[in-house]
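Please open the structure in a viewer and follow the selections below in order.

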Amino acid sequence: MNRRTVIGLGAVSLAATMLGLCPVTAFAQQEIDEAAFLALSQRLTGRNELNATISARALAALSAGDEAFLKTAMRLAQAIDQFGLTDMRRFRDFAAAHPDLSPAAMKIISAWYLGYTGTPEGEANHDDARFVSFAGALMYEPTIDVTIVPTYARGKTDYWVTPPASLASD
Amino acid sequence: MASQFDADVIVIGSGAIGTNAAHLLAQRGKSVIILEAGEWIPRWKIVENFRSSPRKNNLNDPYPNFPWGMSSFDEDYIENTGNFNYVPYQLQLVGGTTWHWAAATWRFLPNDMKMKSLYGVSNDWPMEYSELEPWYDLAERNLGVAGSDTDDQSGRSGPAHPPRSAPYPVPAEGETYYFQRLKARIGAEGYSFIHEPNGRTNKPYDGRPACSGNNNCMPVCPIGAMYSGDVHARHAEKAGAKIITDATAYKLEKGEGGKIIAVHYRSSTGADVRLTAKTFVVAANGIETPKLLLLSDVANSNDLVGRHLMDHSGISLIFTADEPLWPGRGQVQQGAIFKWRDGDFRGQHSAIKHAPHNNVPNRDVAELLLRQGVVGPELDERIRHMSARWVVIESMFETLPHATNRVTLSKTKKDALGIPTLSFNYDLDGDAYVERARDLCMDDYGNFVRAMGGTVINDKTGWQNHAHVMGTVMMGTDPKTSVTNHEGRTWDHDNLFLATTGVLPSSSVLNPTLAGIALGLRTADIIAREV
């Protein structure tokens with residue numbers, strides 16, 4: 001599978017995993033594929049639905065920065081299945097049991113939340129950072145009723161004078 | 001002797017200062033050519049470059065970086081020998097570096113221009129504030145500056161200051177809730193909160209829309225509410241000026257009687273062109289301007305070109321408050337906090353400007369939480385909780401002009417056009433004037449955090465670049481100690497003018513671009529009377 005075919009396949013895999021019953025790894029594979037990576041990403045981010053295009057880009061970025069990533073991610077997915085990690089509130093226990101795999105899990109979660117992989121430089125043009133997503137970065141979801149994804153304004157001039165409606169419960 | 005010229009005036013550089021000057025000259029009926037090393041790039045492309053960049057905190061990343069026009073963030077373009085890693089942020093495209101400023105457009109105070117006579121440090125400007133005031137007024141109208149007509153910008157809570165001949169062309173935008181709360185609680189501790197005049201219009205102005213809070217002034221305003229130099233590049237063209245892009249000026253040619261007779265530029269394909277004019281204006285940023293002078297061995301008989309580099313070197317503070325403030329709604333910055341703005345203390349230590357930043361904080365918050373290993377529902381909950389309470393204060397210090405803080409040509413490296421790259425020597429550690437201010441700034445930080453019931457996230461940032469380039473071709477009254485006179489005219493060549501923040505002989509704590517534009521307009525007016 002290459003990145004150009006991912007949109008169609010992503011829709012299929014999304015439908016399958018939305019049932020929530022499929023194990024992350026259906027077959028005894030050595031390297032993770034895009035469908036399994038999407039399922040793994042859903043488990044790690046606690047989302048039932050994730051965008052398959054972004055998922056493919058995250059997988060490409062993570063594996064471009066780490067030759068062993070496809071295999072490590074596969075082992076991670078299998079370990080998650082064996083551990084029965086369905087609720088990320090138990091991730092700390094999983095990480096303690098699998099210290100060799102938890103960094104890969106954090107890399108995947110970071111890619112989804114931050115929308116990039118690697119370490120971006122603030123004042124240099126050369127680094128190992130790779131783009132995953134901007135408006136789809138999960139870090140914007142928890143506040144999207146109050147603040148915008150930068151560049152995508154939703155208010156009008158001076159809307160900022162009034163505090164958000166949620167203030168009292170924030 | 002040549003009587004035919006390619007133009008009355010050639011302006012080198014199409015940034016905010018060069019295009020404002022070129023526009024005035026074209027309006028006065030002069031034939032004007034503007035040379036620009038980069039290209040026209042439509043706003044939407046820069047916005048898309050930003051949106052698809054993995055390095056959102058890198059202000060130069062959405063902009064061009066070519067072997068023949070390297071970004072100032074390219075490690076092959078910049079080398080440093082001092083104890084601080086100086087990184088200028090200049091851009092090469094039509095409109096210049098104001099594509100990624102945040103459009104803070106303060107006026108220097110009259111006292112800022114008399115540092116030597118009032119406080120015994122730095123330099124006096126070779127003009128009175130009153131001589132520059134009409135040009136500040138024109139610059140503000142060109143940019144559509146929004147400001148408060150009642151604030152005392154000296155921070156003394158007195159009547160409106162500095163003096164103005166006309167109201168701001170655009171009224172101040174409404175205060176963000178975030179700023180209101182900081183002002184209410186920190187202001188109660190004796191700190192002055194002053195609206196920051198800015199070139200981010202909040203009503204339709206000169207073809208620009210009102211700001212709607214896209215919260216992305218740096219690195220690019222997606223709707224062009226924020227002023228950038230491309231506005232007057234277009235105005236200059238309409239007034240008759242000709243803009244030549246892909247034209248890297250690399251030599252000013254000297255003729256008889258100390259005149260400059262031609263500029264030589266090179267295209268990205270290596271083609272060389274020579275253009276003549278009666279008068280030349282180098283408006284190529286505070287870094288690239290001295291570079292061109294050094295390359296050409298002009299205006300430098302006293303060896304001052306490139307020296308006295310000043311920035312508003314500073315530090316910053318990040319903390320979380322004990323109440324939801326919701327930064328990120330509106331523009332990325334709005335005002336300043338003054339305690340150490342002006343007074344006799346300036347003989348001993350830097351003035352300080354604190355600026356609360358109002359960026360959507362989610363990236364900084366999420367990066368921090370992920371580094372701590374926070375995942376799952378707790379990650380989402382804490383992103384919301386902390387983003388609501390996130391406060392960033394960026395502080396700038398006045399720096400003094402030191403001859404050893406300088407930009408020179410690299411002795412070892414050249415770009416793809418065969419033009420030497422840049423070398424910096426910038427020392428901050430050991431400079432008691434700024435170190436004393438840093439200690440006072442840390443006291444202020446303690447007060448801010450306490451007043452907001454806060455928890456410190458980071459108060460040990462170390463020195464930071466602000467890319468407010470000043471001093472590198474400073475103006476003055478004495479040919480032995482300055483590069484230009486008050487007109488921006490080089491002492492060595494009476495038809496060569498410099499229009500750049502590099503002419504500022506003292507730095508204050510104010511973003512210098514508006515002063516550079518005002519001075520450039522004044523220079524253009526002087527040229528228009530002569531040519």
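**First stop: a histidine in chain B**

Select B:His100, which counts as buried because its relative accessibility is 4% (buried means under 20% relative accessible area, exposed over 50%, partly exposed in between, with a 1.4 Å probe and protein chains only). This is a predicted model, in which local features need pLDDT of at least 70 and side-chain atom pairs count only at pLDDT 80 or more, while totals for chains, interfaces and linings use all residues. Residues are numbered from 1 along each chain as its sequence is written, chains are lettered from A and ligands numbered from 1 in the order in which they are written, and side-chain values use heavy atoms, with hydrogens and water left out.

B:His100 sits in the loop between β3 (78–80) and α3 (115–119) of chain B. Next, display its surroundings: leaving aside residues up to four places away in sequence, B:His100 touches residues including B:Tyr63, B:Leu91 and B:Met218 (contact means heavy atoms within 4.5 Å). A polar atom of the B:His100 side chain lies 3.1 Å from the backbone oxygen of B:Tyr89.

**Second stop: the interface**

Now show both chains: 48 residues of chain A are in contact with 60 residues of chain B. Then select A:Arg47 and B:Asp380, which form a salt bridge with the closest N and O atoms 3.0 Å apart (a side-chain nitrogen of Lys or Arg within 4 Å of a carboxyl oxygen of Asp or Glu). The count between chain A and chain B is 4 salt bridges.

Note on methods:
Helices (H or I, at least four residues) and strands (E, at least two) are DSSP runs, numbered from the N terminus. A polar contact is a pair of N or O atoms within 3.5 Å; within protein, one must be able to donate a hydrogen and the other to accept it, and residues adjacent in sequence count only if both atoms are side-chain atoms.
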